[in-house]
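I opened the notebook with one chain on screen and a few things to look up.

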Amino acid sequence: VQLQASGGGLVQTGGSLRLSCAASGRTFSNYAVGWFRQTPVKEREFVATMGWNGIYYADSVKGRFTISRENAKNTVYLQMNSLKPEDTAVYYCAARPGATSRYFTDYGNWGRGTQVTVSS
């Protein structure tokens, strides 16, 4: 499955953004999907994931971010509210067959990242 993330941008602290991840190729509904983020000084970090076994969030985004999907459109979303400067990163979507995972090494399908910058 091929993935393409979009929706990043510059937003002020407290603002919102919605990232989209469009998938093509295989039957996307059979895949678990995840969002990760990375900065130049940190390893790729888990943000959120959803699949047949549930929905999970990193503690740092719980209550502020929401992952969802529209299988009919082969699209996954990440709604980000109450954004903070520490949310600034390149955000990546990923997919894997089977159950969800918090570990980026478990994902074999990645899209190009989209930059999110939160100004203070």
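**Entry 1: Arg-64.** I note here that the model is predicted. Is Arg-64 buried or exposed? Arg-64 has a relative accessible area of 11%. I count Arg-64 as buried because the cut-off is under 20%.

Next I asked what the side chain of Arg-64 meets. A polar atom of that side chain lies 2.9 Å from the backbone oxygen of Ser-82. I then listed the contacts of Arg-64, leaving aside neighbours within four places in sequence. The list reads Gln-79, Met-80, Asn-81, Ser-82, Leu-83, Lys-84 and Asp-87.

**Entry 2: strand S8.** Met-80 took me to strand S8, which spans residues 75–80. How many of the six residues of S8 are buried? I read five, so the strand is largely enclosed by the rest of the structure.

I checked the partners of S8 next. Strand S3 (residues 17–24) pairs with S8 in the antiparallel sense, over six bridges. On that side I found Ala-22 opposite Thr-75 in S8. S7 also pairs with S8 in the antiparallel sense, over six bridges. There I found Arg-69 opposite Val-76 in S8.

S7 and S8 form a hairpin with four residues between them. I looked at the turn and found that Asn-74 has a positive phi of about 50°.

**Entry 3: the nonpolar core.** I then looked up the largest nonpolar core, which has 34 residues. Which residues touch the most other members? I noted Phe-28, Trp-35, Ile-67, Leu-78, Met-80 and Tyr-91. Several elements give two or more residues to this core, namely strand S1 (2–6), S3, S4, strand S5 (42–51), S7, S8, strand S9 (89–97) and strand S11 (114–119). S9 supplies the largest share, five residues. For background, I recall that nonpolar side chains tend to be buried together in soluble globular proteins.

**Entry 4: aromatic rings.** I found five aromatic pairs in the structure. Phe-36 and Trp-110 make one of them, with 5.3 Å centre to centre and 55° between the planes, a tilted pair. The pair links distant parts of the chain. Phe-36 is in strand S4 (residues 31–39), Trp-110 is in strand S10 (residues 109–110), and they are 74 residues apart.

I compared how accessible these two are. Phe-36 is buried, at 0% relative accessibility. Trp-110 is partly exposed, at 27%.

Why is the pair of Tyr-107 and Trp-110 edge-to-face? Their planes stand at 65°, and the cut-off is over 60, so I class the pair as edge-to-face. Their ring centres are 6.2 Å apart. Tyr-107 counts as buried, at 5% relative accessibility.

Stepping back, I see a cluster. Ring pairs link Phe-36, Phe-46, Tyr-92, Tyr-107 and Trp-110 into it.

**Entry 5: charges over rings.** Last, I looked for charged ends above these rings. The charged end of Arg-44 sits over the ring of Trp-110, 4.7 Å from its centre. The charged end of Arg-96 sits over the ring of Tyr-107, 6.0 Å from its centre.

Terms used
Residues are numbered from 1 along each chain as its sequence is written. This is a predicted model: local features need pLDDT of at least 70, side-chain atom pairs count only at pLDDT 80 or more; totals for chains, interfaces and linings use all residues. Side-chain values use heavy atoms; hydrogens and water are left out. Rings of Phe, Tyr and Trp (its six-membered ring) pair if their centres lie within 6.5 Å; planes under 30 degrees apart count as stacked, over 60 as edge-to-face and the rest as tilted. Buried means under 20% relative accessible area, exposed over 50%, partly exposed in between (1.4 Å probe, protein chains only). A charge sits over a ring if NZ of Lys or CZ of Arg is within 6 Å of the ring centre and within 35 degrees of the ring normal. A polar contact is a pair of N or O atoms within 3.5 Å; within protein, one must be able to donate a hydrogen and the other to accept it, and residues adjacent in sequence count only if both atoms are side-chain atoms. Contact means heavy atoms within 4.5 Å. Two strands pair if DSSP finds at least two bridges between them. A nonpolar core is a set of buried Ala, Val, Leu, Ile, Met, Phe, Trp, Tyr and Cys residues joined through side-chain atoms within 4.5 Å.
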